[in-house]
Amino acid sequence: MRVSSSRGLAFVAGVSLILLAGCGNSSDAADDGDASQGPAASSAVPVVASTNVYGDIAEQIGGGKVKVTSIISDPDQDPHSYEADTQNQLALSKAKVVIENGGGYDDFIDRMLGSGDNSSAEVINAVKVSGKSAPQGGELNEHVWYDFPTVAELADRIAAALGEAAPGDSATFTKNAETFKAKLKPLETKEAQIKADHGGEPVAITEPVPLYMTEASGLVNKTPEEFSEAIEEGDDVSPRTLQETLALFTGKQVEALVYNDQTAGPQTEKVEQAAKAAGIPVVPVTETLPEGKDYVGWMTANVDALAGALGK
C-alpha cells in the first residue's frame, strides 16, 4: 500500500542512543563485544532491511556471513502504523548495507539515515532497482516485492553491495544470489501458466498490494479505483463506491477477490463477506512474511492460492 503523508511511518525520537546501547535487544547486544560470539560473528556484515521481506532475501544471499535486522517483522503489523524508534536508529548507525522499499512506502529509513551519522552505508532502494514509475495521471504501485523480475534484479544488487562490504566473500554472495534467482523461475512459470489458462479473467482487490502478481498472471482488475485508493490511504470509502464494489460480487462479475489480510477494516470485511456469500474465492495476501515462511515459500503459496481460486 502507498504511504501518504497523513499516514506515513512515524519516526519516534526522544531516547538517547547511549541509554539504548545498554538495553538493546539480543541481536544488538551481540555487537557489543561478547567474546563468545567469535570471529565469524564479529565479521558478519551488518544489514538493516525495512521489512522482513527484504531481510529474508538478504539472509538467503548473505548466508552466515551477514547479520540482518528487519525493522518491520510482525505479520500482524500494519506497516502504515509502524512507529520507528531509536532501536532502529541504532541498528542503522551500524549497518554496512541498508535495504528499503522506496516509493514512499518506508520513508522513515531515509529520515533516520539523514539524522544519523552513518553516511557510508550502501542504501539499496527496491523501487529504484525496479525502474518502475507512476503511470501518467496515476499512482506508483510501490509493492515491487510482488514483481519477481524486480526481486531477481534486487538479489544481484544485494550480492554486489555485500561483496563491496566483504570482498573476500564476494563469490559466495554471487553464487547465493544465483541460487536464489533460480528459485524465482518456477514462480514466473506458474504465473505464465495462470495467464495461459485464465488470461483476461476479471478479479477484484482491496488494495494494489498484489497487482504485480495478478497482472503478470494476465488477470484484469475490476475494482473501482476510488475503492482501492481510499483503502490504501486509510480513508473511508464513499457509499456509492462501496456499493459499486460490492456489486462485483453480488453480480458475480469477478472470479476471485485478492484480499490484503494485514490491514483489514470494516469496509474491506464487507467486501470479503460479499465475496464469500456469492461463492467467489478469496485469496488472502500480506505485506510482510508470515511466521515460518521464507520469501520463496511465501510467494509460492500466494501464486498457488491464486491459481487454485481460478481453477475452482
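These legends describe close-up views of a predicted model.

**Figure 1. Overview of the predicted chain.** The chain has 312 residues, and 50% of them are buried. Its secondary structure comes to 14 helices and ten strands. Of the contacts between residues at least 6 apart in sequence, 71% join residues at least 24 apart.

Figure 2. Strand E7 spans residues 202–205 and is covered on both faces. Pro202 and Ala204 are buried on one side. Val203 and Ile205 are buried on the other. E7 pairs in the parallel sense with strand E8, residues 220–221, over two bridges. In that pairing, Pro202 stands opposite Val220 of E8. The chain passes from E7 through helix H10, residues 211–216, to E8, in a right-handed β-α-β crossover. Strand E9, residues 257–260, also runs parallel to E7 and is joined to E7 by two bridges. Here the bridge partner of Ile205 is Val258.

**Figure 3. Aromatic pairs around Tyr146.** The whole structure holds six aromatic pairs. One of them joins Trp145 and Tyr146, with ring centres 6.3 Å apart. Tyr146 lies in the loop between helix H7 (126–130) and helix H8 (148–165), while Trp298 lies in helix H14 (residues 295–310), so the contact ties together parts 152 residues apart in sequence. What are the relative accessible areas of Trp145, Tyr146 and Trp298? Trp145 has 2%, Tyr146 has 0% and Trp298 has 3%. Each value is under the 20% cut-off, so Trp145, Tyr146 and Trp298 count as buried. One aromatic cluster takes in Tyr54, Tyr105, Trp145, Tyr146, Phe180, Tyr295 and Trp298.

**Figure 4. Salt bridge between Lys65 and Asp169.** Eight salt bridges are found in the whole structure. In one, the side chains of Lys65 and Asp169 meet at 3.5 Å, N to O. Lys65 lies in the loop between helix H4 (52–62) and strand E3 (66–72). Asp169 lies in the loop between H8 and helix H9 (170–198). The pair therefore ties together parts 104 residues apart in sequence. Lys65 is partly exposed at 34% relative accessibility. Asp169 is partly exposed too, at 23%.

Figure 5. Asp147 and Lys132 meet through their side chains at 3.8 Å, N to O. Both residues lie in the loop between H7 and H8, so the pair ties together parts 15 residues apart in sequence. Lys132 is partly exposed, at 28%.

Figure 6. Asp304 forms a salt bridge with Lys190, and the closest N and O atoms are 2.9 Å apart. Asp304 belongs to H14 and Lys190 to H9, and the pair links distant parts of the chain, 114 residues apart. Asp304 is partly exposed at 36% relative accessible area. Lys190 is partly exposed at 32%.

**Figure 7. A salt-bridge network.** Asp156, Glu178 and Lys181 are linked in a network of salt bridges.

Methods. Residues are numbered from 1 along each chain as its sequence is written. This is a predicted model: local features need pLDDT of at least 70, side-chain atom pairs count only at pLDDT 80 or more; totals for chains, interfaces and linings use all residues. Side-chain values use heavy atoms; hydrogens and water are left out. Buried means under 20% relative accessible area, exposed over 50%, partly exposed in between (1.4 Å probe, protein chains only). Helices (H or I, at least four residues) and strands (E, at least two) are DSSP runs, numbered from the N terminus. Two strands pair if DSSP finds at least two bridges between them. A crossover is right-handed if, with the strands pointing away from the viewer, the path from the first strand over the helix to the second runs clockwise. Contact means heavy atoms within 4.5 Å. Rings of Phe, Tyr and Trp (its six-membered ring) pair if their centres lie within 6.5 Å; planes under 30 degrees apart count as stacked, over 60 as edge-to-face and the rest as tilted. A salt bridge is a side-chain nitrogen of Lys or Arg within 4 Å of a carboxyl oxygen of Asp or Glu.
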